[in-house]
Amino acid sequence: MEQRLEPNADRKNKMSLEFESRACNESFARVAVAAFLTQLNPTMEEVADVKTAVSEAITNAIIHGYDNTVQMIRISCELEGRVIRVSVIDSGKGIEDVEKAMEPMYTTRPDLERSGMGFSFMEAFMDRLEVESKPGCGTTVRMEKIIGRTSAPESE
């Protein structure tokens, strides 16, 4: 079915991308997501926030999910109104205890001098973070950010 493009349509759009879990692809993926995001006319700070969160999610998949072996990582993005939703999906070894893994400073790879701040950065730079994982079956990181917010969100 052919879709007709209209100016200022309902601002719904989707994109997905799949790439090998090589460190050199991390920058490509975050730039691709940033380019997709430009449809919402974000500020430089908003672009930097999304790029940082995507970078952390991809790095986690490469280092922790796949133990630096070459597998596939998938990113899907969806724009709806002023919201970008990003999912980073791997089929790696998964996370035994997601709650523990999300604690600041927790790392399973101190040998690589990992800071254990990946999930904390994702939470800080995005408005919503959800991590779904099952040992042996991989991990899905879902993030959401409202673009063009006129005021800071109220504290809960």
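Of the 22 residues of helix H2, 16 are buried, so this helix is largely enclosed by the rest of the structure. Buried here means under 20% relative accessible area, exposed means over 50%, and partly exposed is in between (1.4 Å probe, protein chains only). Helices (H or I, at least four residues) and strands (E, at least two) are DSSP runs, numbered from the N terminus. You are looking at a predicted model, where local features need pLDDT of at least 70, side-chain atom pairs count only at pLDDT 80 or more, and totals for chains, interfaces and linings use all residues. Residues are numbered from 1 along each chain as its sequence is written, and side-chain values use heavy atoms, with hydrogens and water left out.

**How confident is the model?**

- The protein has a mean pLDDT of 86, and 79% of its residues reach 70 or more; pLDDT is the predictor's confidence in each residue, from 0 to 100.
- Over residues 5-9 the pLDDT is below 50, and this stretch has zero contacts in the model beyond near neighbours in sequence. Contact means heavy atoms within 4.5 Å.

**A walk along helix H2**

- Helix H2 covers residues 44-65, and from its first C-alpha to its last it reaches 30 Å, close to the 32 Å expected at 1.5 Å a residue. That expected span is 1.5 Å times one less than the number of residues in the helix.
- Glu56 lies in H2 and is buried, with a relative accessible area of 19%. Leaving aside neighbours within four places in sequence, Glu56 is in contact with Gly118, Phe121 and Met122.
- Thr59 is also a residue of H2, and at 18% relative accessibility Thr59 counts as buried.
- Thr59 and Asn25 are 34 residues apart along the chain, and their C-alpha atoms are separated by 10.0 Å.

**On either side of H2**

- Asn41 sits in the loop between helix H1 (24-37) and H2. Asn41 is exposed, with a relative accessible area of 66%.
- Although Asn41 is not a glycine, its phi is positive, at about 55°.
- Just after H2 comes Asp67, which takes a positive phi of about 50°.

**The nonpolar core**

- In soluble globular proteins, nonpolar side chains tend to be buried together.
- The largest nonpolar core here has 37 residues. A nonpolar core is a set of buried Ala, Val, Leu, Ile, Met, Phe, Trp, Tyr and Cys residues joined through side-chain atoms within 4.5 Å.
- H2 supplies the largest share of this core, with nine residues.
- The residues with the most contacts inside the core are Val33, Ile58, Ile75, Val86 and Met143.
- Take Val86 as an example: not counting residues up to four places away in sequence, Val86 touches Val33, Val54, Ile75, Ser76, Cys77, Val141, Arg142 and Met143.

**Salt bridges**

- Side chains of opposite charge can pair when their charged atoms come close. A salt bridge is a side-chain nitrogen of Lys or Arg within 4 Å of a carboxyl oxygen of Asp or Glu, and the whole structure holds 12 of these.
- Glu80 and Lys12 form a salt bridge through their side chains (3.9 Å, N to O). Glu80 lies in strand S2 (residues 72-80) and Lys12 in strand S1 (residues 12-20), so this pair ties together parts that are 68 residues apart in sequence.
- Glu80 counts as partly exposed at 31% relative accessibility, while Lys12 counts as exposed at 54%.
- Glu20 and Arg22 also pair up (2.6 Å, N to O). Glu20 is partly exposed at 33% relative accessibility, and Arg22 is partly exposed at 37%.
- Another salt bridge joins Glu130 and Arg128 (3.1 Å, N to O). Both count as partly exposed, Glu130 at 30% relative accessibility and Arg128 at 36%.
- A network of salt bridges links Lys12, Glu78, Glu80, Arg85, Arg128, Glu130, Glu132, Arg142 and Glu144.

**Cysteines**

- A search of the whole structure finds zero disulfides, where a disulfide is a pair of cysteine sulfur atoms within 2.5 Å.
- Cys77 is buried, with a relative accessible area of 3%.
- Cys137, by contrast, is partly exposed, with a relative accessible area of 48%.
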